[in-house]
Amino acid sequence: MKLLFKKIPVVFYLSLTLSLFLLYGNDSPVYDQDEAAYAGFAKTMFETGDYLTQSFPFSEPHRKPPLHFWLSAISFQTLGISEFSLRLLPSLWILLICLLTYDSAKRIYGDKTGLFGFLILATSLYFPLNGKIALVDSLLTFCETLGFYSLFRLLPKQHIQTYPWILLFWLSVALGTLTKGPPVLIFLGGICFVFLFFQETRKIVFLLKPWFFLPLSLLPLFYWGYLVWQKTNGELIRWMIDWYILRRAANPVFGQSGPPGTYLLLFFISLFPWSFYLPKALKEIWNRIKETYDHFRKKTNPPESINILLLGGLLFGWIFYECLMSKLPSYPLAVYPILAILMAKIVSESKMKWKAAILILAIAQSLAIVFIILPLLSDKRRDTIASANHWNRNFPIGTELLTIQNLALPSLAFYTNHPIRETELSQLQNLKKETILLLDSDNLLIVKTLGIRGESLGPEFSIWAYDRNKTIKLSLYKIW
């Protein structure tokens, strides 16, 4: 028996532990607004069989290319509609990213560094949380990491058959673009652009045959876009181009903006407690940049191919987004595995006392998050469930609720059994009798001021909109 346990690699136990961390407590209420909106799109697709139209109350700004929604709908069909089934695949993506990071670091610097690379990603403050919330970012980051790993395996010293990794690279591009569009092209395309400046890596770009495989990898996205264009008369595609490309290049989204250097500061927070090693990793990055600069200016020996790959990933996974006005925390997720590899090298070479102390702190932090912090937040996010359950019990399934304002509460729409439709304030006078309005306290006052007679149905519910840090009081009002 002891011999059997000795043969099982340490990374297996780490993977098992991370899986338990990612899956524990994943039946908590969905988060407003993004996760609830994505869950709503998937739920609607599953229930209607329409996998092209993205329609769900209070969710218009969250429409995206469809792969994440399709996979969530398949998960609903297989395991039933629940928070756990919604978050199962994002947990898997985060686990696979950690394993790819482990194998990359192991092949570059050895098994010890690989294990620390896994641990840095798995126990840092922010990264593993992406496996406990069903956003598109975990799938996108997996596609980006898979493409990065494929490029790594194509480097000259790997001595392997190239075609499986070429196909895997372009598969990651195809899936990544079908998940969120341009980011995977920026990251992987940017690395390939850097490759062109160095003789040793330039041949990898030609090996990839982008003139043939790039159009082929974009075909699923374009075909989906064609079908959606036909179905929506171009509305959804025009909106996506404007919202996700034109606006984000020069303007902040949802008020989240910051100067260059914002993500650098974020790394010190999000990689805690391993960010203690971040300054040394940044110094290592700077030394590699100087080496590359000297190669071009002083005609010194070219940098190693692995350094070119890492610097290309840092440039287009991090620095590129520092230059944008819009600053969402998820933008540089693809660079976390690269930072983990560089930091793991430093950790594996550091003194045992510091390593042990930081590892204990990281484990304590992870336990506190999963057993204390997330359960507390879960209890505070049950307001929309309570109101939806009350209305589900007291009104027939399918009773339409009209609202005259975007309440920005897709979680409420996800849990209720009643369709919610928005209408204009100017249309209130034309509504039929027996119409039921879903109103907050301000709009209820407006309705009564306009002289629209009716009656309140049931109690008023106070809902904490934690994404805006305000309380909304909702009630149903039936027109006479």
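What is the volume of the largest cavity? The answer is about 50 Å³, and the structure holds 1 cavity of 30 Å³ or more. Please keep in mind as you read that this is a predicted model.

**The cavity**

- Rolling a probe the size of a water molecule over the atoms shows where empty space is left.
- The lining of the largest cavity is made by Asp32, Lys380, Arg381, Arg382, Asp383, Thr384, Leu409, Ile463, Trp464, Ala465 and Tyr466.
- Sorted by class, this lining has 5 nonpolar, 5 charged and 1 polar residues.
- Two elements, helix 18 (383–394) and strand 4 (454–465), each give at least two residues to the lining.
- Strand 4 supplies the largest share of the lining, with 3 residues.

**Helix 2**

- Helix 2 covers residues 10–23, and at 1.5 Å a residue its 14 residues should span 20 Å; the end C-alpha atoms are 20 Å apart, so expectation and model agree.
- The buried residues in helix 2 are Val11, Leu14, Ser15, Leu18, Phe21 and Leu22.
- These residues cover an arc of only 125° around the axis, and therefore they sit on the same side of helix 2.
- An α-helix has 3.6 residues a turn, so residues three or four places apart point the same way.
- Thr17 and Leu20 are exposed on the other side of helix 2.
- After helix 2 comes Gly25, which has a positive phi, near 75°.

**Leu439**

- You will find Leu439 in strand 3, which runs over residues 436–440.
- Is Leu439 buried or exposed? Leu439 has a relative accessible area of 1%, and because the cut-off for buried is under 20%, Leu439 counts as buried.
- Beyond its neighbours within four places in sequence, Leu439 is in contact with Ile404, Leu444, Val447, Lys473, Leu474, Ser475 and Tyr477.
- One of these contacts, Lys473, is 34 residues from Leu439 along the chain, with 8.2 Å between their C-alpha atoms.

**Tyr51**

- Tyr51 lies in the loop between helix 3 (34–48) and helix 4 (67–79).
- The relative accessibility of Tyr51 is 28%, so Tyr51 counts as partly exposed.
- Leaving out neighbours within four places in sequence, the contacts of Tyr51 are Met45, Phe46, Trp70 and Ala73.
- Tyr51 and Tyr109 are 58 residues apart in sequence, and their C-alpha atoms are 45 Å apart in space.

Notes:
Residues are numbered from 1 along each chain as its sequence is written. This is a predicted model: local features need pLDDT of at least 70, side-chain atom pairs count only at pLDDT 80 or more; totals for chains, interfaces and linings use all residues. Side-chain values use heavy atoms; hydrogens and water are left out. On a 1 Å grid over the protein atoms alone, a cavity is a set of points where a 1.4 Å probe fits but cannot get out, and a pocket is an open set with protein on both sides within 12 Å along at least five of seven lines; lining residues have an atom within 4 Å of a point. Grid points are joined across faces, edges and corners, and a volume is the space filled by probe spheres set on the points. Helices (H or I, at least four residues) and strands (E, at least two) are DSSP runs, numbered from the N terminus. Ala, Val, Leu, Ile, Met, Phe, Trp, Tyr, Cys and Pro count as nonpolar, Asp, Glu, Lys and Arg as charged, and the others, Gly among them, as polar. Buried means under 20% relative accessible area, exposed over 50%, partly exposed in between (1.4 Å probe, protein chains only). Contact means heavy atoms within 4.5 Å. The expected span of a helix is 1.5 Å times one less than its number of residues. The arc is that of the directions from the helix axis to the C-beta atoms.
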